[in-house]
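Biologist: I would like to learn how to read the strands and helices of a model. Could we take one case and go through it feature by feature?

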Amino acid sequence: VDGLADETGELVNLLVEKDGMGICLYQARGENAVELDTYEGKRVRLHCTALGKAILGFRPREEVAEIVEQQGMPAMTPNSITDPDALFEELDEVRDRGYAVDHEERLTGLRCLAAPITDDTDRGIAAISVSCPVHRADDDRFYEELRTAVQGAANVIELEHNYS
């Protein structure tokens with residue numbers, strides 16, 4: 001997490017799911033990181049964060065449906081997904097491409113890209129993300145540089161978790 005923050009210069013979070021909510025386990029700030037309302041221990045909704053969608057994309061559909069039923073899908077911004085069918089479509093895409101995005105879905109003006117961390121059964125157990133202001137993350141940087149860095153960090157964490 002610290003290395004990814006240093007590499008990107010941005011805000012990096014590590015999140016796990018507990019009782020249908022995301023809990024920030026660890027956070028690191030690069031030299032250009034924005035100050036947000038996130039902190040270690042903060043609970044966030046899963047449906048409107050890249051971190052949450054990265055985890056849910058690698059969970060059984062029935063489990064996701066149960067989380068949605070329990071927690072709801074309130075709009076945090078005008079871009080939040082509030083329809084379960086739309087969420088399931090996006091989670092299918094997350095699983096296919098191996099990362100999730102949040103385009104101002106939890107906080108206006110913020111983009112986030114997250115990669116899942118899975119166990120040896122391919123179940124999402126955590127996620128790691130890079131968050132940055134919209135103006136600093138054009139599509140080339142967001143989908144190339146940041147995606148590659150986030151997926152690489154997730155891969156290292158997975159290997160250390162599953163095989164050490």
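Modeller: Start with pairing: two strands pair if DSSP finds at least two bridges between them. Note also that this is a predicted model. Here, Ala100 stands opposite Ala114 in S5.

Biologist: How many bridges join S4 to S5, and how do the two strands run?

Modeller: Four bridges join strand S4, residues 100–103, to S5, and the two run antiparallel. Besides the pair Ala100 and Ala114, Val101 stands opposite Leu113 in S5. The hairpin of S4 and S5 has six residues between the strands, and Glu104 in that hairpin takes a positive phi near 60°.

Biologist: Which strand does S5 join through nine bridges?

Modeller: That is strand S6, residues 124–133, which runs antiparallel to S5. Ala115 stands opposite Ile128 in S6, and the bridge partner of Pro116 in S6 is Ala127. Ala127 also stands opposite Leu15. On that side, five bridges join strand S1, residues 11–18, to S6, again antiparallel.

Biologist: In what order do the strands of the sheet come?

Modeller: The sheet is open and has six strands in the order S3-S2-S1-S6-S5-S4, with antiparallel pairing. Its edge strands are S3, residues 43–44, and S4, each of which pairs on one side only.

Biologist: Is Val101 buried or exposed?

Modeller: Val101 is found in strand S4. Val101 has 7% relative accessibility, so this residue counts as buried. Leaving aside residues up to four places away in sequence, Val101 touches Ala50, Lys53, Glu90, Cys112, Leu113, Phe142 and Tyr143. Leu113 in that list is also the residue opposite Val101 in S5. A distance can be read here too: Val101 and Arg111 are 10 residues apart in sequence and 7.4 Å apart in space, C-alpha to C-alpha.

Biologist: Let us turn to the loops. Which residue in the turn between S5 and S6 has a positive phi?

Modeller: S5 and S6 form a hairpin with five residues between them, and Asp122 in the turn has a positive phi of about 70°. Asp122 is not a glycine. The relative accessible area of Asp122 is 36%, so Asp122 is partly exposed.

Biologist: Where does Asp19 lie?

Modeller: Asp19 lies in the loop between S1 and strand S2, residues 21–29. Its phi is near 55°, a positive value in a residue other than glycine. At 54% relative accessibility, Asp19 counts as exposed, whereas Asp122 is partly exposed.

Biologist: And helices: what describes two packed helices?

Modeller: Two packed helices are described by the angle between their axes and the distance between the axes. In this model, the axes of helix H3, residues 61–71, and helix H4, residues 84–97, come within 12 Å and cross at roughly 140°. That angle makes H3 oblique to H4. The crossing of H3 past H4 is right-handed.

Biologist: Which residues make the contact?

Modeller: H3 contributes Arg61, Val64, Ala65 and Val68, and H4 contributes Pro84, Leu87, Phe88 and Leu91. By class, this contact of H3 with H4 has seven nonpolar, no polar and one charged residues.

Terms used:
Residues are numbered from 1 along each chain as its sequence is written. This is a predicted model: local features need pLDDT of at least 70, side-chain atom pairs count only at pLDDT 80 or more; totals for chains, interfaces and linings use all residues. Side-chain values use heavy atoms; hydrogens and water are left out. Axes are lines fitted to C-alpha atoms, for helices over the stretch in contact, and angles run from 0 to 180 degrees between N-to-C directions. Angles under 35 degrees count as roughly parallel, over 145 as roughly antiparallel, 65 to 115 as roughly perpendicular and the rest as oblique. A crossing is left-handed if the near helix is turned anticlockwise from the far one by less than a right angle, and right-handed if clockwise. Contact means heavy atoms within 4.5 Å. Ala, Val, Leu, Ile, Met, Phe, Trp, Tyr, Cys and Pro count as nonpolar, Asp, Glu, Lys and Arg as charged, and the others, Gly among them, as polar. Buried means under 20% relative accessible area, exposed over 50%, partly exposed in between (1.4 Å probe, protein chains only).
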